[in-house]
Amino acid sequence: ESQLVESGGRSVQAGESLRLSCAPSIYAYSGHCMAWFRQGSGKEREWVAWINSGGFTDVVDSAKGRFTISRENGRNILYLDMNSAKPEDTAMYYCAAGRETWCTTDSADYIAWGRGTQVTVSS
């Protein structure tokens, strides 16, 4: 069973917005770095955004100004708000929890993963 569960992926038109959610299924990763990764068809998995234990965030250059990562601490829910979606955002999106309180963009530093939620942006 996956330790994290993503939801919210769907098919949208370019320019529209959507919100992805991620919830722990076994453990509560309180104080851990949490992040979103994505993998398009035929492409390598890439880092998208992270939020560390202090609430600081970073987003991949291609999505800066459009994507926002946030955490609802009371429910340990992770969100990715995708604004002005583009066709190149089409991918399977995965949430992940890191082993430490600080964050990296290396998938090897994450110890729990969801099974993914598909986002398709058409134009």
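Strands here are DSSP runs of E with at least two residues, numbered from the N terminus. The model is predicted, so local features need pLDDT of at least 70 and side-chain atom pairs count only at pLDDT 80 or more, while totals for chains, interfaces and linings use all residues. Residues are numbered from 1 along each chain as its sequence is written, and side-chain values use heavy atoms, leaving out hydrogens and water.

**Exercise 1.** Find where Glu 6 sits and which backbone nitrogens its side chain reaches.

*Solution.* Start with the place: Glu 6 belongs to strand S1 (residues 4-7). Next, check its charge partners: Glu 6 is buried but has no salt bridge, and the nearest side chain of opposite charge, Arg 115, is 7.7 Å away. Buried means under 20% relative accessible area (1.4 Å probe, protein chains only), and a salt bridge needs a side-chain nitrogen of Lys or Arg within 4 Å of a carboxyl oxygen of Asp or Glu. Now turn to the backbone: the side chain of Glu 6 reaches the nitrogen of Arg 115 at 3.1 Å and that of Gly 116 at 2.8 Å.

**Exercise 2.** Work out how the disulfides pair up.

*Solution.* Count them: there are two disulfides, each a pair of cysteine sulfur atoms within 2.5 Å. Take Cys 22 and Cys 95, joined S to S at 2.0 Å; Cys 22 lies in strand S3 (residues 18-24) and Cys 95 in strand S9 (residues 91-98), 73 residues apart. Then take Cys 33 and Cys 103, with sulfur atoms 2.1 Å apart. Finally, with the bonded cysteines numbered in sequence order, the pairing reads 1-3, 2-4.

Definitions and conventions:
Helix = DSSP H or I, 4+ residues; strand = E, 2+ residues; numbered from the N terminus. Buried < 20%, exposed > 50% of the residue type's maximum accessible area, 1.4 Å probe, protein only. Lys, Arg positive; Asp, Glu negative; His and termini not counted. Polar contact = N/O pair within 3.5 Å; in protein donor to acceptor, adjacent residues only side chain to side chain.
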